[in-house]
2 protein chains.
Amino acid sequence: MHSVLCDKLGIEYPIFAFTHCRDVVVAVSKAGGIGVLGAVGFTPEQLKEELDWIDEHIGDLPYGVDIVIPQKYEGMGDMDPAQLEKELWKMVPEEHIAFAQKLLADHGVPEWPDGTHSMGLLGWTEATATPLLEEALRRPKCKLIANALGTPPADKVKMIQDSGRLVGALCGRVKQVKAHKAAGLDFIIAQGGEGGGHTGDVGSIVFWPQAVEAAEGIPVLAAGGVGNGKQMLAAMAMGCAGIWTGSLWLTVEEAHAEPAQKESLLKASSEDTVRSRSWTGKPCRMLKNDWTEAWENADNPKPLGMPLQGLVSGDGIRRTAKYAAVGECQKVAFNPVGQVVGQINHVESSRAVITRLITEYVDALEHVNSLMPEA
Amino acid sequence: MHSVLCDKLGIEYPIFAFTHCRDVVVAVSKAGGIGVLGAVGFTPEQLKEELDWIDEHIGDLPYGVDIVIPQKYEGMGDMDPAQLEKELWKMVPEEHIAFAQKLLADHGVPEWPDGTHSMGLLGWTEATATPLLEEALRRPKCKLIANALGTPPADKVKMIQDSGRLVGALCGRVKQVKAHKAAGLDFIIAQGGEGGGHTGDVGSIVFWPQAVEAAEGIPVLAAGGVGNGKQMLAAMAMGCAGIWTGSLWLTVEEAHAEPAQKESLLKASSEDTVRSRSWTGKPCRMLKNDWTEAWENADNPKPLGMPLQGLVSGDGIRRTAKYAAVGECQKVAFNPVGQVVGQINHVESSRAVITRLITEYVDALEHVNSLMPEA
């Protein structure tokens, strides 16, 4: 398909697959799209291991890495990660930790083996994100870096572009599109409120064309609500240069998630998701469950901001992932996913998903052409 | 354009324009779409006057009428409208009326000339809606009836279809699509959460294709977020039979709104709307302002259900409409509109809107065709 990003990246279809699973990255790139590994949640050592594996299995094909490089937190820019984490923990009220721990205990979620209640800051701060970025930039086949939250700092943009890679970032508001453009990004991921993970509240059908207009020629990838080829055609009709998909890859054959977690996703309808601040501190779309409801209840503690809420919830993320099928784990598990989850009802291979998207796309294009009166 | 509804209605483009202004109804039908008059808010006498005017000015072209026929309220089905209203008022707490009146007074909204604080039930109940429906069915050029909220009762569906007209209804959830289909409706209006007025929370890009699938062949009109031809092409690509637009017509030349109200709409961005229960009791998208915020505040009374909240807010609707430019009226005015409002920034004629939609549609279709590799 003709698309400026296909040409720049040497890929067949402008289908970008965000995933935390290295197997999916490889399978998507091999099927003609491009896999993008979400690196948040990995330590630099873990990321090295994942990228080694990808480099070994992907042949000569390109892939991408997605990180979160927030702007520096006020007054803390020069701290090392351990010191920063210590300072941040001081700002977390005891009440919040106790509430989170009680929610997990009440649902029979086993303790982490070493009995600790913190998984640390992960890649949520600039200090922890930089080593991840550096690891990615050591890989010649890693051809793009995406920032999942906000405009990356200027020095990071320069570092990525100087290395010959493309850099892009997600956003959900027109003013963020403009900020991304002003920062000189190579592409912009415009995510409508339907999307999974951190998301705004303007719907894709409204936001995409506004983003394309505000980007003034910078390629825009459509995110939020794309799970079939009709939706992909809709995105291209509105001027997008491709699609950025995430939810679609959570339940594919190659995805590593626990069966209980895949099952929760496969049976969910589009009405079963909610935008909630209860895990990361920022509005993030995920499956609605006891955890999200509990943090909405007016009698309970309110979610803290980012990154503090992440400290509160981190233990729950790892425990509900590890013990996904134990007790009522799924009722307090973190399952970020978009409304498109309602149209994903069975397991497919990654290749089958790409083939389906393209077949449906071509069919939909034929359909709209057939609606035109004969010239 | 080829569309089953174009053929059935004898119109050129499958563009349905919902509006409360008779002038817009006529202008849209004359430009090749079909105008649909929103009758809620009119008394039967007022509706008669509007339809007389439309019949006189529209030539031989078709138009539609949109009403709200809710299912009967429990135990009240047999009351006449005056008695029903009296019973309903008894259920409204004094606190709510006082709160609403204070909000209006605090913003300098003048009292209604006769000093009353109620505008009655309007067309929100079956008892008040039936005379409106009967008035519409006396008009040979009125070719379709749409129900704005829920599946119409079976006797009304039969009445409309027996008269040779098409009947359809809005919805925002797959289970409502199925209920509409089961009731034998002729078309279904699938509105994504971006839409103005009563709306669900699943985005258009996700909901439309699900609605088309659930409708199993019944034509689906795409509503929620369609304001340009690219968005219209997106809707058609997802299998819709046409578009149902509302926000687009609030600010056209022919629309009767007060200049202050049009101004509020023209300057609003897509992020300036909110889904709120504060006017009708059901989630309804509108411009965010002091009124919507006040009813969200945890310290204030919570919105009642439908139709009770409508009794509380009705006086505000008429006063802020009549005195749109007085004091801070706009800050407590009812301005139902979808997120698409952000792309409507200047006044156009209704004909220019239709022409623009079609031109943009054709351009977008050419664009997506140009992306395909040469066969």
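Leaving aside residues up to four places away in sequence, Gln339(B) touches Asp201(A), Val202(A), Gly203(A) and Val206(A) in chain A, along with Glu194(B), Ser270(B), Thr273(B) and Arg285(B) in chain B. Keep in mind as you look around that this is a predicted model. Gln339(B) sits in the loop between α13 (308–322) and α14 (350–370) of chain B. With a relative accessible area of 1%, Gln339(B) counts as buried because that value is under the 20% cut-off.

Now zoom out to the whole contact. Chain A contributes 43 residues and chain B contributes 43 residues. Together the two chains bury about 3,500 Å² between them, and 61% of that area lies on carbon and sulfur atoms. On the side of chain A, the residues that lose the most area to chain B are His2(A), Ile205(A) and Glu271(A), which together make up 18% of what that side buries.

Glu271(A) turns up again when we look at charges: it forms a salt bridge with Arg173(B), with the closest N and O atoms 2.5 Å apart.

Which helices of chain A each supply at least two residues of the side that touches chain B? They are α9 (204–215), α10 (229–237) and α14 (350–370). The largest share, eight residues, comes from α14(A). Sorted by class, the side of chain A that touches chain B has 21 nonpolar, 16 polar and six charged residues.

Note on methods
Residues are numbered from 1 along each chain as its sequence is written. Chains are lettered from A and ligands numbered from 1 in the order in which they are written. This is a predicted model: local features need pLDDT of at least 70, side-chain atom pairs count only at pLDDT 80 or more; totals for chains, interfaces and linings use all residues. Side-chain values use heavy atoms; hydrogens and water are left out. Contact means heavy atoms within 4.5 Å. Buried area is the accessible area (1.4 Å probe) that two parts lose on being put together, summed over both. A salt bridge is a side-chain nitrogen of Lys or Arg within 4 Å of a carboxyl oxygen of Asp or Glu. Helices (H or I, at least four residues) and strands (E, at least two) are DSSP runs, numbered from the N terminus. Ala, Val, Leu, Ile, Met, Phe, Trp, Tyr, Cys and Pro count as nonpolar, Asp, Glu, Lys and Arg as charged, and the others, Gly among them, as polar. Buried means under 20% relative accessible area, exposed over 50%, partly exposed in between (1.4 Å probe, protein chains only).
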